Amino acid sequence: MSIFGFGSGNELMPSVPSQLITTNFDTSLFFGFAKGFEQLFSNIPNMLMMVFSLLFVTFFDATGTLLSLGRQCGFIDENGQAIGIEKAFLSDAIGGVIGSICGTSTVTAFVESATGVGMGAKTGLAAIITGILFLLSIFFSPIVLSLFTSPVTAAALLIVGILMIEQLKDVSWESNVIAASVFITIIMMVLSGSISIGIAWGFITYAVATIASGRYKDLGIGIFLLIIIFLIYLFFGL
């Protein structure tokens, strides 16, 4: 078996688990956020900066993900608006709060869901089934963690990338301003590994290109405020 890498001890390859079922759960981080409240409120300006930073990153990460998934599902109307995105944002926010209380990694919308959407899952039932299976997998974590290594999940991520890149056909490539903004957004997402940073650079590129083309009147007050926030976020470590 070690000839094929299985059970060879390589962390990138599947290995035989020492046990199949476990009830030895690590609950040390459960409700752990409450331990830092005294320090949090000791510096109000710093607290506001941290809260805003988390809100900023979470909001734009979720926005980019939900719009991409909504387009894949066909939930984008003729005006480019996502139908029922308010409910998706509410679900995302509730999941983030509950996940933080439980001490888990951020529970939010993930673009990997595009894999399920591409297979026809669009009603939400698949997400419920997946959640139930995740709960059951907690008890089988030794065998699950030993089998689903990076090489295994890489195939699903490739499918996600293919499904996402298909959406580029709807971009108005004839407009240099839009084309430049989309290009910079994609490149910065890849280089930084962050959806929010990619969106930030895309917004800045759009504003600069629009002003350079003499159409600065097309930019509303909201866009200028976002540009200022993005610049602070990128260059001053918001």
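Tutor: A definition comes before the questions. Helices here are DSSP runs of H or I with at least four residues, numbered from the N terminus. The model is predicted.

Student: What does the C-alpha trace of the protein chain span along its principal axes?
Tutor: The protein chain has 238 residues, and 23% of them count as buried. Along the principal axes, the C-alpha trace spans about 65 × 50 × 35 Å.

Student: Which elements each supply at least two residues of the lining of the second largest pocket?
Tutor: This pocket holds about 1,900 Å³ of space. Its lining has 42 residues, and the closest to the centre are Gly-64, Leu-67, Thr-185, Met-189 and Ile-199. The elements that each give at least two lining residues are H2, H7, helix H8 (176-192) and helix H9 (195-212).

Student: Where does the largest share of the lining of the second largest pocket come from?
Tutor: By class, the lining has 22 nonpolar, 16 polar and four charged residues. The largest share is eight residues, and its source is H2.

Student: What is the volume of the largest cavity?
Tutor: A search of the whole structure with a cut-off of 30 Å³ or more finds one cavity. Its lining is Ser-68, Leu-69, Gln-72, Ala-114, Leu-163, Met-164 and Gln-167. Two or more of the lining residues come from helix H2 (44-73), and likewise from helix H7 (150-165). The volume of the largest cavity is about 40 Å³.

Student: Which element gives the most to the lining of the largest cavity?
Tutor: The lining has four nonpolar, three polar and no charged residues. The top contribution is three residues, and the element that gives them is H2.

Student: Where is the place of Phe-140?
Tutor: Phe-140 is partly exposed. Helix H5 (125-137) comes on one side of its loop and helix H6 (141-147) on the other. The place of Phe-140 is the loop between H5 and H6.

Student: Why does Ile-186 count as partly exposed?
Tutor: Ile-186 is in helix H8. Buried means under 20% relative accessible area and exposed means over 50%, with partly exposed in between. Ile-186 falls in between because its relative accessibility is 29%.

Student: How many Å apart in space are Ile-186 and Tyr-206, C-alpha to C-alpha?
Tutor: In sequence, Ile-186 and Tyr-206 are 20 residues apart. In space, C-alpha to C-alpha, Ile-186 and Tyr-206 are apart by 13 Å.

Technical notes: Residues numbered from 1 in each chain as written. Predicted model: local features only at pLDDT ≥ 70, side-chain atom pairs only at ≥ 80, totals over all residues. Heavy atoms only, no water. Buried < 20%, exposed > 50% of the residue type's maximum accessible area, 1.4 Å probe, protein only. 1 Å grid on protein atoms, 1.4 Å probe; cavity = no way out; pocket = protein on both sides within 12 Å on 5 of 7 lines; lining within 4 Å. Points joined across faces, edges and corners; volume = space filled by probe spheres on them. Nonpolar A, V, L, I, M, F, W, Y, C, P; charged D, E, K, R; others polar.
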